[in-house]
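Subject: Handover of a structure

Dear colleague,

Please find the structure below, together with its sequence.

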Amino acid sequence: MRNPLSERIVGIQPSGIRKFFDIVSEMKDAISLGVGEPDFDTPWHIRDEGIYSLEKGRTFYTSNAGLKELRTEIANYLNRRLGITYDPLHEIMVTVGGSEAIDIAMRAMLDPGDEVLIPQPSFVAYEPCAILANGVPVVIDLKEENEFRLTAEELKAAITPKTKLLVMPFPNNPTGAVMEEKDLRAIAELVIEHDIFVLSDEIYSELTYLDSHVSIASLPGMQERTILINGFSKAYAMTGWRLGYACGPKMIIEQMLKIHQFAIMSAPTTSQYAAVEALRNGDEDVARMREEYNGRRRYLMHRFQEMGLKCFEPYGAFYVFPSIQEFGITSEEFANRLLSEEKVAVVPGTAFGACGEGFLRISYAYSLEQLKLALDRMEAFVTRLRGEA
Amino acid sequence: MEMREKILTFIEKNSRANLKDLAVILGVDEAAVANEMAAMEEEHIICGYHTLIDWEKTGVEKVNALIEVRVTPQRGRGFDAVAERVYNYPEVNAVYLISGGYDLLVTLEGKTLREVAQFVSDKLSTLEAVMSTKTNFILKKYKDHGTVIKESKKDERMLVTP
């Protein structure tokens with residue numbers, strides 16, 4: 001029999017998270033701090049709209065780009081929160097989560113050999129998506145001393161004549177890093193100068209704890225060269241609804257829509273109706289959850305300080321990214337031992353890129369009681385490790 | 001949100017948090033939290049620290065009732081005088097002045113149905129201002145103080161996700 005598989009697909013490494021998931025699943029009664037999704041339930045009024053749409057028999061496809069009502073609400077929302085104006089008819093499309101948007105944006109924009117700049121540590125999908133789109137991923141290693149922000153120098157050093165697209169994954173999973181307006185301005189200047197495009201993944205935009213999120217698309221000259229990706233998963237605790245969106249120049253959205261049309265048809269209808277409600281009446285829920293995450297974030301930072309674990313203060317998403325370099329073991333070893341000895345699961349930083357070595361991703365999408373319990377165990381573990389040295 | 005509101009919003013659902021944790025979580029100074037809490041207790045903004053218990057699971061018999069009471073308000077003191085008479089009984093859990101078909105909503109806790117019925121007929125109904133009462137026994141508590149009373153919800157998320 002011939003080899004049924006595509007060489008390109010076989011060549012893509014499965015996500016490092018997967019491997020760790022298998023180990024954790026074997027462990028009975030482990031406390032996990034490894035989850036990348038909110039612990040809150042979707043607010044009831046939003047779920048209620050989803051139920052209502054089912055009761056009304058709204059079980060048909062929507063238009064490829066998504067319900068017009070929803071696209072209009074997205075446009076209103078982006079205008080209200082970021083001060084950017086998008087035309088809901090031509091510049092916004094609804095996708096199956098932010099993930100689909102990342103995939104089709106790359107496929108719509110890349111030709112073979114085009115280089116995609118991917119700052120890491122970051123979400124696991126950018127690199128494989130770039131490869132699937134025939135692009136060439138070029139990794140930029142972010143540094144702890146810069147609080148894992150992307151600097152203009154780092155960007156400049158990575159740009160070549162083949163650079164087509166820059167991924168901007170902020171607020172960042174796994175580091176919790178944010179880019180402030182001044183940081184973004186320096187990046188935007190280079191982007192414009194070198195005529196490259198930006199895929200700005202802003203899925204955590206509602207979860208910032210310093211100032212409100214600033215989108216790179218809102219800077220002068222940037223909207224026309226940015227695909228802004230966002231969704232409902234993190235802000236409204238709607239991960240399972242699988243709903244995101246992409247906004248950008250009509251020319252790019254049109255091509256993305258073509259892929260979406262043939263591969264997906266349309267995002268889930270029930271989810272779209274629920275999302276309309278989320279955007280219309282969900283601001284208070286978002287604020288309430290943000291406040292809770294922020295309390296947990298402060299608590300974690302305090303505990304790390306107490307146990308003398310080095311950690312830069314992250315101002316976004318729901319992750320902290322402490323350094324374990326002092327112990328002289330790899331992230332994976334640390335995570336494996338923490339799991340087997342104290343039954344606490346955290347994700348090694350290396351799951352998000354090689355430069356995550358020496359760090360751990362700890363999620364605070366958990367109740368305070370659970371965080372407390374897990375941190376007590378972690379403290380015992382850290383103390384023991386120091387005793388061994 | 002000002003500090004008082006922050007503190008109250010948090011402790012309304014987590015009254016057991018110690019001062020140090022509370023200060024860390026709210027991102028404020030511990031001494032400031034302690035002062036505010038003391039001041040709010042003094043001003044009776046914080047009226048008590050209670051525990052939400054599902055007595056049904058303990059096997060201890062308790063009967064709860066909601067009693068709708070129609071009363072004649074008193075000249076010059078309105079409903080306050082009769083409300084005070086009612087809330088002074090230790091068996092009474094809560095007393096609310098209500099708009100609508102009746103005046104006072106009284107919640108009661110007793111050991112048996114009989115005990116509650118007796119309280120209503122002997123004590124509540126005999127008050128001069130009380131015109132009529134209607135006793136509703138609570139058969140099952142589903143949710144109380146914003147908390148759903150049943151098994152705690154299991155975390156069904158996958159253990160590790162990107």
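In this predicted model, helix H11 of chain A (residues 283-306) packs against helix H2 of chain B (residues 19-26), with the two axes 7 Å apart and at an angle of about 115 degrees. The crossing of H11(A) and H2(B) is right-handed. On the side of H11(A), the residues that make the contact are A:Gly295, A:Arg298, A:Tyr299, A:His302 and A:Glu306, while H2(B) contributes B:Lys20, B:Asp21, B:Val24, B:Ile25 and B:Leu26.

I turn next to the salt bridges. Side chains of opposite charge can pair when their charged atoms come close. Over all chains, the structure holds 43 salt bridges.

A:Glu181 and A:Arg185 form a salt bridge whose closest N and O atoms are 2.6 Å apart. Both residues belong to helix H8 of chain A (residues 181-193), and because they are four residues apart there, about one helical turn separates them. A:Glu181 counts as partly exposed, since its relative accessibility is 35%; A:Arg185, at 41%, also counts as partly exposed.

A further salt bridge joins A:Arg225 to A:Asp195, with 3.0 Å between the closest N and O atoms. A:Arg225 lies in the loop between strand E6 (197-201) and strand E7 (226-231) of chain A, and A:Asp195 in the loop between H8 and E6, so the pair ties together parts that are 30 residues apart in sequence. A:Asp195, by contrast, is partly exposed, with a relative accessible area of 48%.

A:Glu341 and A:Arg384 also form a salt bridge, their closest N and O atoms being 2.9 Å apart. This pair links distant parts of the chain, as A:Glu341 sits in helix H12 (residues 331-342) and A:Arg384 in helix H13 (residues 368-388), 43 residues apart. A:Glu341, at 34% relative accessibility, counts as partly exposed, and A:Arg384 counts as partly exposed at 35%.

Finally, a network of salt bridges links A:Glu147, A:Arg149, A:Glu180, A:Lys182 and A:Asp183.

With kind regards

Conventions. Residues numbered from 1 in each chain as written. Chains lettered and ligands numbered in written order. Predicted model: local features only at pLDDT ≥ 70, side-chain atom pairs only at ≥ 80, totals over all residues. Heavy atoms only, no water. Salt bridge = Lys/Arg side-chain N within 4 Å of Asp/Glu carboxyl O. Helix = DSSP H or I, 4+ residues; strand = E, 2+ residues; numbered from the N terminus. Buried < 20%, exposed > 50% of the residue type's maximum accessible area, 1.4 Å probe, protein only. Axes fitted to C-alpha atoms, helices over the stretch in contact; angles between N-to-C directions. Left-handed = near helix turned anticlockwise from the far one by under 90°. Contact = heavy atoms within 4.5 Å.
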